[in-house]
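This briefing goes through the surroundings of the ligands and the packing of a pair of helices. Keep the structure in view while reading.

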Amino acid sequence: MGLLQLLKSQFLCQLIICYVFLASGLIVNLLQLCTSPLWLINKQLARRLNVRLAYCISSQMVAALEWWSGTECTLYTDPKSYSLYGNENAIVVLNHMFEIDFLCGWTFCERFGVLGSSKVLAKKELAYVPIIGWMWYFLEIVFCKRKWEEDRTTVAQSLQRLQDYPENFWFLLYCEGTRFTPKKHQISMQVAESKGLPKLKYHLLPRTKGFWVTVQNLRGTAAAVYDSTLNFRNNEVPTLLGILNGKKYHADLYVRRIPLELIPEDEAECAAWLHKLYQEKDSFQEHYTETGCFPGPIVSPARRPWSLINWLFWSCLLLYPLALLLIQLISSGSVLTIVVSAAICYAASAGVRWMIGQTEINRGSNYGNKEVPLNKN
Ligand SMILES: CCCCC/C=C\C/C=C\CCCCCCCC(=O)SCCNC(=O)CCNC(=O)[C@H](O)C(C)(C)COP(=O)(O)OP(=O)(O)OC[C@H]1O[C@@H](n2cnc3c(N)ncnc32)[C@H](O)[C@@H]1OP(=O)(O)O
Ligand SMILES: CCCCCCCCCCCCCCCCCC(=O)OC[C@@H](O)COP(=O)(O)O
């Protein structure tokens, strides 16, 4: 292990990174809150400001992936489509198998200049995660309860609000609705069987309603669906804790651009189209397992310095007062102040650990875990 790698694996370094993330995140959340009156006066300006403020938070996590862990991300795509990435609105359909798949998604957003504005159809529980969830509120992220009776109107309304969004955005949709586990896979394949659909090996059966409602409400707003399939080299199982430890991974992403006009408007036909798409995605994963690469040419965009610059900016801004505070604390010699400060540090690190826990599959929800009564036709 090299000296740098040893340094990266030190708890103190990770604590400092988390402190910068936490403190800057709360400052940004506060600034976002201050933009509230602006929404009434100049909504488009408020949106543009929030895109930049959100970038300050999400790009720190991207910097951790790209610059701290040195994780490499390779893009397999058609060079003709490549020039359109970042220059149009798009719906991104991604497989949901890895704890850091959202972070790899963010990395590609960063490389194509749409990180601050990118959106997702997210489970409601994530809205309450401090910093990220609060940031999403100001980004007009679409939340769902994963209860169609309630979601059908709220999701459609939230999507319609994006029709005049002033910046290009990518809208991420995990059609599987939850992360892959062997049990969820087994149950969803029972559902597939009962519906007469072919079995999938690497994906859960996609939930089609969210896709249909998204496509219908973003017609005329988004130009295409980016069908994206992600995998990691050497059967790695990447985690956010691994990233913080400085572990380097290698992500491969295969993206196909599908113009929105090609997607059927009728709900049943749209659902059948999505099922076919997932069968194709499954075959790409099979190809990856067998050959170690996706089909198609590699056109990888280089990482940009902005996420690193943003990170260094916040680190300089926040580490200096922290150092002063520590010096004052130690020189004060007050046991009570030291104990209280240690307790605050402990609470903050427990809070960050809880946030990291939100990304862990073994702490995931029970959605898709329950056997459903099947009507075999
Ligand atoms: C490459 C570049 C990347 C770019 C990245 C861009 C942006 C990044 C931005 C942000 C990154 C942050 C990432 C944060 C991640 C957070 C993500 C999440 O929170 S994922 C969870 C929430 N999202 C979804 O669930 C979306 C998919 N779900 C749907 O679309 C659902 O339909 C729904 C709208 C949520 C409604 O769900 P509900 O369960 O109520 O209804 P359904 O109709 O779906 O379910 C009933 C239906 O399903 C059948 N069924 C039953 N059991 C199963 C099962 N186990 N598997 C599959 N199907 C099942 C059942 O028979 C019913 O069938 P039918 O429709 O025929 O009646
Ligand atoms: C600079 C780096 C500092 C890092 C330290 C702090 C890290 C804090 C990280 C908080 C991240 C919170 C964002 C959570 C995004 C989780 C995405 C996700 O994958 O959600 C799962 C859902 O899709 C499905 O849920 P399940 O039904 O599988 O359950």
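A crossing of two helices is called left-handed if the near helix is turned anticlockwise from the far one by less than a right angle, and right-handed if it is turned clockwise. In this predicted model, α2 passes α4 in a left-handed crossing.

**The helices α2 and α4**

- Two packed helices are described by the angle between their axes and the distance between the axes.
- For α2 and α4, the angle is about 165° and the axes are 8 Å apart.
- Angles over 145 degrees count as roughly antiparallel, and α2 and α4 are therefore roughly antiparallel to each other.

**Ligand 2**

- Ligand 2 is surrounded by 18 residues, and the closest are His96, Arg146, Thr178, Arg179 and Ser365.
- In the side chain of histidine 96, an N or O atom is 2.6 Å from an oxygen atom of ligand 2.
- Threonine 178 has a polar side-chain atom 2.6 Å from an oxygen atom of ligand 2.
- For arginine 179, the distance from an N or O atom of the side chain to an oxygen atom of ligand 2 is 2.9 Å.
- On its own, ligand 2 has 760 Å² of accessible area, and the protein covers 96% of it.
- By type, the shell around ligand 2 holds 10 nonpolar, 5 polar and 3 charged residues.

**Ligand 1**

- Around ligand 1 there are 34 residues, the closest being Lys123, Trp148, Lys195, Lys209 and Tyr367.
- Tyrosine 367 has a side-chain N or O atom 2.5 Å from an oxygen atom of ligand 1.
- In lysine 195, a side-chain N or O atom is 2.7 Å from an oxygen atom of ligand 1.
- Lysine 147 takes part through its backbone, with a polar atom 3.4 Å from an oxygen atom of ligand 1.
- The protein covers 86% of the 1400 Å² of accessible area that ligand 1 has on its own.
- Elements that each supply at least two residues of the shell around ligand 1 include the helices α6 (101–111), α8 (148–160), α9 (182–194) and α10 (209–218), and the strands β3 (119–123) and β5 (170–173).
- The most residues in this shell come from β3, which gives 5.
- The shell around ligand 1 divides into 20 nonpolar, 6 polar and 8 charged residues.

Terms used:
Residues numbered from 1 in each chain as written. Chains lettered and ligands numbered in written order. Predicted model: local features only at pLDDT ≥ 70, side-chain atom pairs only at ≥ 80, totals over all residues. Heavy atoms only, no water. Near = heavy atom within 4 Å. Polar contact = N/O pair within 3.5 Å; in protein donor to acceptor, adjacent residues only side chain to side chain. Areas by Shrake-Rupley, 256 points an atom, 1.4 Å probe, with all protein chains shown as cover. Nonpolar A, V, L, I, M, F, W, Y, C, P; charged D, E, K, R; others polar. Axes fitted to C-alpha atoms, helices over the stretch in contact; angles between N-to-C directions. Helix = DSSP H or I, 4+ residues; strand = E, 2+ residues; numbered from the N terminus. Parallel < 35°, antiparallel > 145°, perpendicular 65-115°, else oblique.
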